[in-house]
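Colleague: I would like to learn how to read a model of this kind, feature by feature. Please give the general idea each time, then the case at hand.

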Amino acid sequence: MSEEVKAENNSKKNRDGIILQGIVDDIFEADVVCKSRKRKHINARKVYCIILRDKGYTYTSIGQDIGRDHATALHHYNSKEGCLLTDK
């Protein structure tokens with residue numbers, strides 16, 4: 001894969017993440033990249049991780065976007081079913 005194609009793919013990923021981050025931040029009135037453990041920030045990060053993972057992004061790239069480890073993105077994605085069952 002050429003360097004131009006890689007750069008184009010990276011800029012598309014960054015653009016998607018930035019747009020989604022703005023939307024999630026507005027809806028949840030929270031900051032996705034914030035280090036806070038308050039519920040509104042956790043839920044915002046969870047939704048962000050789920051949407052990007054469903055779009056095909058790697059856990060590592062999602063984790064980098066939110067300033068966390070890939071395991072955090074994996075945990076948020078795997079816990080989506082529990083969130084849907086308990087949050088109403």
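Colleague: What share of the 88 residues of the protein count as buried?

Modeller: Buried means under 20% relative accessible area, exposed means over 50%, and partly exposed lies in between, with a 1.4 Å probe and protein chains only. Here 32% of the 88 residues count as buried. This is a predicted model, in which local features need pLDDT of at least 70 and side-chain atom pairs count only at pLDDT 80 or more, while totals for chains, interfaces and linings use all residues. Residues are numbered from 1 along each chain as its sequence is written, and side-chain values use heavy atoms, with hydrogens and water left out.

Colleague: How many helices and strands does the protein have?

Modeller: Helices (H or I, at least four residues) and strands (E, at least two) are DSSP runs, numbered from the N terminus. The protein has five helices and zero strands, so the order from the N terminus reads α-α-α-α-α.

Colleague: What share of the contacts join residues at least 24 apart?

Modeller: Contact means heavy atoms within 4.5 Å. Among contacts between residues at least 6 apart in sequence, 39% join residues at least 24 apart.

Colleague: Which residues of the largest nonpolar core touch the most other members?

Modeller: A nonpolar core is a set of buried Ala, Val, Leu, Ile, Met, Phe, Trp, Tyr and Cys residues joined through side-chain atoms within 4.5 Å. The largest one has 15 residues, and Val 32, Tyr 48, Leu 52 and Ile 62 touch the most other members. Helices H1, H2, H3 (59–65) and H4 each supply at least two residues of this core, and H2 gives the most, with five residues. Leaving out residues up to four places away in sequence, Tyr 48 touches Gly 17, Leu 20, Gln 21, Val 32, Ile 62, Asp 65 and Ile 66.

Colleague: At what angle do the axes of H2 and H4 cross?

Modeller: Axes are lines fitted to C-alpha atoms, for helices over the stretch in contact, and angles run from 0 to 180 degrees between N-to-C directions. Angles under 35 degrees count as roughly parallel, over 145 as roughly antiparallel, 65 to 115 as roughly perpendicular and the rest as oblique. The axes of H2 and H4 come within 8 Å and cross at roughly 90°, which means that H2 is roughly perpendicular to H4. On the H2 side the contact is made by Ile 42, Arg 45, Lys 46, Cys 49, Ile 50, Arg 53 and Asp 54, and on the H4 side by Ala 73, His 76 and Tyr 77.

Colleague: Which residues of helix H4 are buried?

Modeller: In H4 (residues 70–78), the buried residues are Ala 73, His 76 and Tyr 77. They cover an arc of only 100° around the axis, so they sit on the same side of H4; the arc is that of the directions from the helix axis to the C-beta atoms. His 75 and Asn 78 are exposed on the other side of H4. Ala 73 has a relative accessible area of 1% and touches Cys 49, Tyr 59, Ile 62 and Gly 63, not counting residues up to four places away in sequence.

Colleague: Where does the side-chain oxygen of Asp 69 reach at the start of H4?

Modeller: A polar contact is a pair of N or O atoms within 3.5 Å; within protein, one must be able to donate a hydrogen and the other to accept it, and residues adjacent in sequence count only if both atoms are side-chain atoms. The Asp 69 oxygen comes to within 2.9 Å of the backbone nitrogen of Ala 71.

Colleague: Is His 41 buried or exposed?

Modeller: His 41 counts as buried, at 10% relative accessibility, and its place is in helix H2 (residues 39–54). A polar atom of the His 41 side chain lies 3.2 Å from the backbone nitrogen of Asp 31. Beyond its neighbours within four places in sequence, His 41 is in contact with Ala 30, Asp 31, Cys 34 and Ser 36.

Colleague: Where is Ser 36 found?

Modeller: Ser 36 is in the loop between helix H1 (3–28) and H2, and it is buried, with a relative accessible area of 18%. A polar atom of its side chain lies 3.1 Å from the backbone nitrogen of Lys 38.

Colleague: What is the phi of Glu 29?

Modeller: Most residues other than glycine have a negative phi. Glu 29, although not a glycine, has a positive phi of about 50°. Glu 29 is in the loop between H1 and H2 and is exposed, with a relative accessible area of 63%.
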